[in-house]
Amino acid sequence: MNGSFTRFVDFLLKSGEKRLTEVRSHINAKADYDYYADFRVAAAGVLRQNVQLALLPLWVEEKVDARKRVIYRELVENYARFAAGVQGWSEPTARDLSIGRGFSVHVNPELGVILGGQKTFVKLYCRKDPLTIPRADVTLGVMEEAFVGAASGPRLAVLDVRRNRLFSAHDRQSHVTKTRALVKADGAAYVALYSAMAATKAA
């Protein structure tokens, strides 16, 4: 079974009964829905194809559902500030992180960019709530576990798009290393809870 990266991070940040509620929501979910999917594709596309950043606002007005435009305008405005500092594109790769008993988490950085002369794979955080340091560390910990031993050796980062704030695993290495131990231990807990709760539901 291949699980959602975001949902797994949500689980790791919970404790106690909130974890049960989180796993139950995963089991009951009919399908993953990403409100920001169109933005993620466009954000990568302008850099991959070396398109003028000025075209992003036009894309929002002409192509984005009217119900999303206010939020997408904010995302595009702040993303352009980040993208202006990108020095080049390097196609990102995805990895499946095994967490046990046939379960894996799909880790798919949206961006592969050159920052400060370094190839960097970046996850985009688009939610309204600010990206907290604990969430950034857990996100980077999951990414590092997935990419450990990667021959290409990219740096890993997560971008709070609305606030143009980049969190780098390189800059927070001691914290991210501790989080990786949590990913391993709590990944097993996730699998156990999911399996038990899914079996109970099916009974």
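Buried means under 20% relative accessible area, exposed over 50%, and partly exposed in between, using a 1.4 Å probe and protein chains only. Helices (H or I, at least four residues) and strands (E, at least two) are DSSP runs, numbered from the N terminus.

This is a predicted model, where local features need pLDDT of at least 70, side-chain atom pairs count only at pLDDT 80 or more, and totals for chains, interfaces and linings use all residues. Residues are numbered from 1 along each chain as its sequence is written, and side-chain values use heavy atoms, with hydrogens and water left out.

**View A. Helix 1 (residues 5–12) is largely enclosed by the rest of the structure, because 6 of its 8 residues are buried.** The buried ones are Phe-5, Phe-8, Val-9, Asp-10, Phe-11 and Leu-12. Look at the start of the helix too: a side-chain oxygen of Ser-4 comes to within 3.3 Å of the backbone nitrogen of Thr-6.

**View B. Helix 2 (residues 17–28) packs on helix 7 (residues 173–202) at about 60°, with the axes 10 Å apart.** That makes helix 2 oblique to helix 7; angles under 35 degrees count as roughly parallel, over 145 as roughly antiparallel, 65 to 115 as roughly perpendicular and the rest as oblique. Axes here are lines fitted to C-alpha atoms, for helices over the stretch in contact, and angles run from 0 to 180 degrees between N-to-C directions. From helix 2, Arg-19, Leu-20, Val-23, Arg-24, His-26, Ile-27 and Asn-28 meet Asp-186, Tyr-190, Leu-193, Tyr-194, Met-197, Ala-198 and Lys-201 of helix 7. Sort the residues of this contact and you get 8 nonpolar, 2 polar and 4 charged; Ala, Val, Leu, Ile, Met, Phe, Trp, Tyr, Cys and Pro count as nonpolar, Asp, Glu, Lys and Arg as charged, and the others, Gly among them, as polar.

**View C. Arg-19 of helix 2 counts as buried, at 13% relative accessibility.** Skipping residues up to four places away in sequence, Arg-19 touches Phe-11, Leu-12, Lys-14 and Asp-186, contact being heavy atoms within 4.5 Å.

**View D. Lys-123 sits in strand 6 (residues 118–125) and is buried, with a relative accessible area of 8%.** Beyond four places in sequence, its contacts include Phe-5, Glu-110, Met-143 and Leu-159.

View E. Most residues other than glycine have a negative phi. Asn-50 belongs to the loop between helix 3 (37–48) and helix 4 (55–63) and is exposed at 70% relative accessibility. Arg-101, in the loop between strand 3 (95–100) and strand 4 (103–107), is exposed at 63%.

Methods
Polar contact = N/O pair within 3.5 Å; in protein donor to acceptor, adjacent residues only side chain to side chain.
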